[in-house]
Amino acid sequence: MGASSSVQGAVCTTSLEAEALLRYPPARWSGWGCSLSWLGKALGCCREAECWADLLFSTRDVPVSVLWPNWAGPYMPPAVPGLGLSIARYNIGGCGRPEEQSGHPYGGSKVRGWFALIEGFQPVPGGEFDWTRDEGQRNFLHLAIERGVDQVELFANAPMWWMSSSGSSFGGSLAQADEFANYLGEVASQARSGWGVPVRSVAPFNEPSADWWMFPHDQEGCKIDLAQQARVIARLRDELDQRGLVDVAIAASDENRPDHAIKTWQELGRAEVAGGPSGSYARHHGFRSALRRLATVAGVPLCVSEHGNGDISGVTLAQVILEDLHFLQPASWCYWQPVEHHSTWGMVQVDFGDSPSSEPRPSSLPHPKYFVFAHFTRFLRRGMIMLHCTEPWAAACFAPEENSLAAVLTNPNSTQSRLRLRLPAFVPKGRGGAERRRVQAVLTEPLRQRLFVPCEVEVQEAAGSLEILVEVPPKAICSVLLSNVSLIAGKSSVQDGTSMDSPGAAQAGKLRKHSHDAESGVTVQMISGMARAASEGAAHERWLGQADMQTVKCWSRWEHE
């Protein structure tokens with residue numbers, strides 16, 4: 001698989017090829033999500049709360065005239081497609097009310113706005129819990145659940161203000177670890193039994209190793225060293241179990257970067273605690289792969305709990321998601337805040353106003369980044385079986401129950417590209433002979449503001465299997481859903497967890513042909529050939545001073561076969 005270029009007249013077209021292979025063991029996609037936090041507080045009690053919830057947590061088309069009336073008109077799109085997110089992260093706050101806190105109540109003049117003051121439920125030391133607080137975010141959480149969200153993670157950016165060394169949840173370090181664990185356990189119990197929330201996990205820390213959580217900060221945060229993290233995790237496990245929440249997982253530690261997550265994981269592993277979330281703010285392929293290997297050995301699923309960036313085009317977002325799916329292989333992926341107050345980190349920019357009584361006012365129509373995200377969330381759906389794409393410009397899933405296959409393809413180049421995605425394990429269901437057909441797809445071209453427009457892709461049979469071909473403009477993204485697709489006869493079912501064979505690259509294919517068959521399995525000859533390829537690849541890497549891509553691809557094929 002690789003790339004080539006051709007010049008036809010004034011148009012330069014690059015050809016890119018990749019394969020979508022079966023993975024073993026099979027991995028079902030857990031879904032896409034976001035954090036509620038500030039947007040939940042700001043939108044949860046507004047007049048159009050239901051429509052905002054539709055936008056994020058349903059696949060309905062939301063009329064532009066409802067949420068963006070100033071932009072409605074005959075020359076504007078009539079509606080915006082909903083994202084259909086299935087995971088919601090609820091922010092357990094640490095703020096008390098001004099009269100309840102001593103000293104500096106929050107972060108002073110640095111605070112982002114009223115919406116960043118997330119109320120906690122135990123406002124004073126040793127006091128009673130007040131479950132009427134944080135009304136806006138709780139309301140928005142219930143709206144999300146009504147629209148099908150069935151995976152909720154409770155996460156804390158900071159402990160209650162009085163558990164922090166600074167006397168504030170806006171920076172400082174953790175001073176009362178046991179009280180913090182008790183607090184989180186009580187909130188989780190109330191959410192499950194009192195509010196009817198499908199709590200899946202509790203994430204007690206947010207970027208705990210970062211060195212920027214100094215008071216006063218502009219948002220809630222807390223520095224928590226590794227010894228304290230280990231203590232909180234152990235105590236929180238006890239608190240959850242005592243309340244009958246043995247099925248609720250502890251997701252720890254939610255670091256900002258994969259390399260930080262690796263270091264924390266290794267240290268916490270020595271304390272016999274482990275977890276699986278990671279932020280996605282550092283795009284280092286080696287660290288992503290190393291973190292994935294740690295998780296695989298530990299038998300713990302990874303999830304990307306948070307990502308955000310200020311590129312409104314969505315080009316960066318698409319690249320980050322695809323690289324995460326390729327190198328990190330998470331079970332789920334969450335954006336930070338799809339709706340933000342005057343920030344390009346948001347996919348939709350909104351003015352939340354000066355107080356809770358203000359009605360949110362959109363600053364513009366959704367950015368192209370919103371539609372790029374929709375390419376993933378509306379096509380790669382929860383419960384589908386993830387495939388491994390050999391190049392990080394493609395992602396694909398298979399739904400065996402529906403005999404359908406979805407793919408998301410991006411053109412990373414600055415010129416138009418012809419993308420070819422081979423599907424060596426799949427054929428049309430009930431096929432007759434070789435055929436070529438065109439199927440409907442969706443295209444977004446961020447740089448030209450062509451957003452979620454219908455297009456056609458070519459699907460054909462080649463060498464006994466399917467492949468998708470499509471011309472994609474520069475930095476654009478295309479999503480396609482193929483129906484009536486099935487595994488090639490003789491392939492093991494991806495549903496029963498048995499071994500799955502798939503055609504290999506030239507070198508791997510020759511090796512299998514001469515070394516083993518379905519009955520003999522892996523042989524000494526095959527291992528010898530793999531070792532020889534690894535040795536040659538290592539020599540090439542020493543000579544070149546960088547990774548030998550032919551060897552990398554060859555080993556990638558073996559790994560996913």
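Student: Is Glu153 buried or exposed?
Tutor: Glu153 is buried, as its relative accessible area is 3%. Buried means under 20% relative accessible area, exposed over 50%, and partly exposed in between, with a 1.4 Å probe and protein chains only. Before we go on: this is a predicted model, where local features need pLDDT of at least 70, side-chain atom pairs count only at pLDDT 80 or more, and totals for chains, interfaces and linings use all residues. Residues are numbered from 1 along each chain as its sequence is written, and side-chain values use heavy atoms, with hydrogens and water left out.

Student: Where is Glu153 found?
Tutor: In strand 7, residues 151-156. Helices (H or I, at least four residues) and strands (E, at least two) are DSSP runs, numbered from the N terminus.

Student: And which residues does Glu153 touch?
Tutor: Ala88, Arg89, Tyr90, Arg200, Ser201, Ala203 and Ala251, not counting residues up to four places away in sequence. Contact means heavy atoms within 4.5 Å.

Student: Switching to helix 5. What does its buried side pack against?
Tutor: The buried residues of helix 5 pack against strand 6 (87-92), strand 7, strand 9 (199-203) and helix 6 (226-242). Among those buried residues are Phe180, Tyr183, Leu184 and Val187.

Student: What comes after helix 5?
Tutor: Gly196 follows helix 5, with a positive phi near 70 degrees.

Student: Now salt bridges. How many are there?
Tutor: The whole structure has 28 salt bridges. A salt bridge is a side-chain nitrogen of Lys or Arg within 4 Å of a carboxyl oxygen of Asp or Glu.

Student: What does Arg133 pair with?
Tutor: Glu100, at 2.5 Å, N to O. Both Arg133 and Glu100 lie in the loop between strand 6 and helix 4 (135-146), so the pair ties together parts 33 residues apart in sequence. Arg133 counts as buried, at 4% relative accessibility.

Student: How about Asp324 and Arg288: how far apart, N to O?
Tutor: Their side chains meet in a salt bridge at 2.7 Å. Asp324 is in helix 9 (residues 315-328) and Arg288 in helix 8 (residues 285-298), 36 residues apart. Asp324 and Arg288 are buried.

Student: And which residue does Arg361 bridge to?
Tutor: Asp351, with the closest N and O atoms 2.9 Å apart. Arg361 lies in strand 17 (residues 361-362) and Asp351 in strand 16 (residues 348-351). Arg361 is partly exposed at 49% relative accessibility, whereas Asp351 is buried at 17%.
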